[in-house]
Amino acid sequence: MPEAALHDGHSIPFEVHGDGPALLLPVNPQPVEGSKADEMRKWGVDPSLGRNLIEGLRDAFRVIAFDYEGHVMHAHPKPDTLTPEHIACDFLAVADAAGAHRFAYYGYSWLALSGLQLAIRTDRLTALVMGGFPPLGGPYAEMLRVTAATHAMAVANADKTSKPDGDQALHANAATTPAAEKYDWSSAKTTPAVSSAETPSADEYDWASSEVSLSDAQTRQFVTLYEALRDFDDRAAQHKLACPRLCFAGAADVIEYGAKWGGVRVDIAGPLSAQRSTLDALGWTVRVLDGLDHTQAMQAKHVLLVVRPWLCAALAGTS
C-alpha cells in the first residue's frame, strides 16, 4: 500500500479508488470488524463508513482515502504538533504522494474544520465540503473548554489507574471509548433526534458516571489543536476561499456536555441556520438535514445524497 510522509516523520498509508477529478477523503478505507464494530453499531455508527463513502463516490471521482483520524488516535498521536499548519501540510503530503496536484476535499467534524484550514493555506483545492462543523461562527472556544477538560480527566485517570504499556494501551483505550466514534474523543451526550431504536444505547448510557479512558497524548493533541485556533477569525478568513464550497449538518446537531466538561453546549446546526443568508452571500451552499444529529448526519446514506450531486456539479469539466 502506498504511503505519505507526515510532518512528524511518521507515514500514513492511503488507497486510491476510481477515476476522475481527485477527491481527498480522510476516512478509514477498511471496515472495522469484531467487537469494536458491534460497539459502533450500538451508537449508530457504521463500521464500514469509510468504505461505503468510497464505494458511493469512486465511479465519479478518483478517491484518495487515508485514515488520518485513526492515525492520530491509534498509531501516532501528536500531542504537541497537531496544529492547523501541520494538518494542512499532512493533507498536502497525501495529495502529493497520490499525484494529485489539484483536488477536492471532504471532511466531517474536526476534519471539516481541518479542511477549512487547508483551504485558506493553498490554492490547490477544486472544492471544499465541510460536514458537522460550521464554516462561520464555529464553536472553537467551546471545544477548547471541552478538550481541556477531557485532557485533565485523562491525566487524572492515568494517575489512579494501571494500564498496559505503549501501543497496547492506545488501542485498548480508543477501542473501548464510546465517544471516540461520536465527537472529538470525549464522552459527550448528544440530543437524540430519532427513536431510540436507531441508536438503542444512547439514552441508556450512564453519562454521569462515564470515565475518560484515553491517554494523555491522545487527548492533549486536541487541546493543542484548539489552542492554536483560539484566535482564529472564521469570518475574516472567508475572503481567502476561492473554490466552490458546501457545508452541511444535521438539524439536531447540538451536543450537551455534562458538568464534568463544564456544562458546555456545542451547537453545530445553529450557526448554519442562523447565518444561512450570510453564508449564501459568501459563496457557500448550505444544507441542513432534518431530524439528524451529529452521528446520524455523518453516515454514508445521508452524506452521499448531499455531497455526491453537489461535487459532480461543482467539478463538472475538471479532471
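A residue counts as buried when its relative accessible area is under 20%. In this predicted model, histidine 294 has a relative accessibility of 2% and is therefore buried. The residue is found in helix 11, which covers residues 294-297. Two side-chain partners can be picked out around histidine 294. One is aspartate 253, whose side chain is joined to that of histidine 294 by a polar contact of 2.7 Å. The other is serine 109, where the side-chain polar contact with histidine 294 is 3.2 Å.

Helix 12 comes next. It runs through residues 300-314, a total of 15 residues. From first C-alpha to last, helix 12 reaches 20 Å, close to the 21 Å expected at 1.5 Å a residue. The helix has a kink of about 25° at valine 307, shortly before proline 309. Valine 307 is itself among the buried residues of helix 12, together with Ala300, His302, Val303, Leu304, Val306, Trp310 and Leu311. Cysteine 312, by contrast, is partly exposed, with a relative accessible area of 32%.

Cysteine 89 is partly exposed, at 46% relative accessibility.

Turning to the aromatic residues, the whole structure holds 10 aromatic pairs. In one of them, the ring centres of phenylalanine 66 and phenylalanine 91 are 5.5 Å apart and the planes meet at 75°; planes over 60 degrees apart count as edge-to-face, so this pair is edge-to-face.

Tyrosine 68 and tryptophan 110 make up a tilted pair, with 6.2 Å from centre to centre and 45° between the planes. This pair also links distant parts of the chain, 42 residues apart, with tyrosine 68 in helix 3 and tryptophan 110 in helix 5 (residues 110-119). Both tyrosine 68 and tryptophan 110 are buried. The two pairs belong to one aromatic cluster, formed by Phe66, Tyr68, Phe91, Tyr105, Trp110 and Phe222.

A further ring, that of tryptophan 284, has a charged neighbour: arginine 245 lies over its face, at 5.8 Å from the ring centre.

Definitions and conventions. Residues numbered from 1 in each chain as written. Predicted model: local features only at pLDDT ≥ 70, side-chain atom pairs only at ≥ 80, totals over all residues. Heavy atoms only, no water. Buried < 20%, exposed > 50% of the residue type's maximum accessible area, 1.4 Å probe, protein only. Helix = DSSP H or I, 4+ residues; strand = E, 2+ residues; numbered from the N terminus. Polar contact = N/O pair within 3.5 Å; in protein donor to acceptor, adjacent residues only side chain to side chain. Expected span 1.5 Å × (residues − 1). Bend = angle between axes of the 7 residues up to and from the residue. Phe/Tyr/Trp six-rings, centres within 6.5 Å; stacked < 30°, edge-to-face > 60°. Lys NZ or Arg CZ within 6 Å of the ring centre and 35° of its normal.
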